[in-house]
Amino acid sequence: MRLRVLCAASLLLVALPAPASASPGLWQLTDLAAQRVQIADKVAAAKFGTPSPIDDPVREQQILDSVAAKAPGLGLDAAGVVRFFRDQIEANKVVQRGLYARWTEQPGTRPPGRPDLGTEVRPVIDRLNAGLLTELAETRDARARRSCDARLAVTVRQTDARRGLDRLHSVALGESVRSACARP
C-alpha cells in the first residue's frame, strides 16, 4: 500500500510544471534524472535478498551501447552521452547500495514486495533513458553555456526540494547529472 501511495505521489509530481525560478533549459533533464534515481528503489527491491548482484555489467553495457548508437542521430557526441549515462547507472547503484545497507541494518524498513525487474522496472528505466537522451539533445545549447554548472546546481537543488528527496537520493541526483554540462 505504501509503495502505491509513493508511486501515485510521484506521478502527481511529474505532472507539475517547472518552478518559475528553475532553468527552463535544464529542468526536464534534471527531473528525469531524479526520476531515474528514484526508480533505483524498485531495482533494489527486486534484487535484495536474491542472487542478483547490484552490478549488472551486461545490462549496463546494453544501455551504454544503445545510447551511444542513438547519439549521432540526435546530433550528440557519443562519448559525452555514454559519460552521462554511466553517471546515471552509477548514481542508481549508489541508491541500491544505500538501501541494501539500510534494509540490512533495519529489517523493518524492507519493502513488502518484490517488483519484477524485467516486466515492471526495466520498461520504466528504458522510458526514462529515452527521455534523458531526448533532453540531452534538446538542451545541447544550454549545456554548452559557461553558466551551465551554476544553473544546473540550482535546478538540482530545486528538483531535490520539489521531489522531497532524502539524503541518499539527493546525493545520487547530484552524481547523476555531474557530466551534463558540455565541456569544450
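Biologist: Which residues of H2 meet which residues of H7?

Modeller: In this predicted model, with residues numbered from 1 along each chain as its sequence is written, local features need pLDDT of at least 70, side-chain atom pairs count only at pLDDT 80 or more, and totals for chains, interfaces and linings use all residues. Side-chain values use heavy atoms, with hydrogens and water left out. Trp27, Thr30, Asp31, Ala34, Gln35 and Gln38 in H2 meet Leu152, Thr155, Val156, Thr159, Arg162 and Arg163 in H7, where contact means heavy atoms within 4.5 Å. The helices are DSSP runs (H or I, at least four residues), numbered from the N terminus.

Biologist: How do the residues of the contact of H2 with H7 divide?

Modeller: They divide into four nonpolar, five polar and three charged. Ala, Val, Leu, Ile, Met, Phe, Trp, Tyr, Cys and Pro count as nonpolar, Asp, Glu, Lys and Arg as charged, and the others, Gly among them, as polar.

Biologist: Why is H2 called oblique to H7?

Modeller: H2 (residues 27-47) and H7 (residues 148-163) pack at an angle of about 50°, with their axes 9 Å apart. Angles under 35 degrees count as roughly parallel, over 145 as roughly antiparallel, 65 to 115 as roughly perpendicular, and the rest as oblique. The angle of about 50° belongs to the rest, so H2 is oblique to H7. Axes are lines fitted to C-alpha atoms, for helices over the stretch in contact, and angles run from 0 to 180 degrees between N-to-C directions.

Biologist: What makes H2 and H8 oblique to each other?

Modeller: The axes of H2 and H8 (residues 167-176) come within 9 Å and cross at roughly 130°. H2 and H8 are therefore oblique to each other. Thr30, Ala33, Ala34, Val37, Gln38 and Asp41 in H2 meet His169, Ala172, Leu173 and Ser176 in H8. By class, this contact has five nonpolar, four polar and one charged residues.

Biologist: Why is H3 called roughly parallel to H5?

Modeller: The axes of H3 (residues 57-70) and H5 (residues 117-138) come within 11 Å and cross at roughly 30°. That angle makes H3 roughly parallel to H5. Arg59, Ile63, Val67 and Lys70 of H3 make the contact with Arg122, Ile125, Asp126, Asn129 and Leu133 of H5. Four of these residues are nonpolar, one is polar and four are charged.

Biologist: What is the handedness of the crossing of H3 and H5?

Modeller: The crossing of H3 and H5 is right-handed. A crossing is left-handed if the near helix is turned anticlockwise from the far one by less than a right angle, and right-handed if clockwise. The crossing of H2 and H7 is right-handed, and H2 passes H8 in a right-handed crossing.

Biologist: What makes a space in the structure a cavity, and what makes one a pocket?

Modeller: On a 1 Å grid over the protein atoms alone, a 1.4 Å probe fits in a cavity but cannot get out, whereas a pocket is an open set of points with protein on both sides within 12 Å along at least five of seven lines; lining residues have an atom within 4 Å of a point. The structure holds one cavity of 30 Å³ or more. The largest cavity has a volume of about 180 Å³, a volume being the space filled by probe spheres set on the points, which are joined across faces, edges and corners. Of the 15 residues that line the largest cavity, the closest to its centre are Val43, Lys47, Arg59, Asn92 and Gln96. H4 gives the most to this lining, with four residues.

Biologist: What is the volume of the second largest pocket?

Modeller: The second largest pocket has a volume of about 290 Å³. Of its 16 lining residues, Asp77, Gly80, Arg83, Arg143 and Ala182 are the closest to its centre. H4 supplies the largest share of the lining of this pocket, four residues.

Technical notes. Helices (H or I, at least four residues) and strands (E, at least two) are DSSP runs, numbered from the N terminus.
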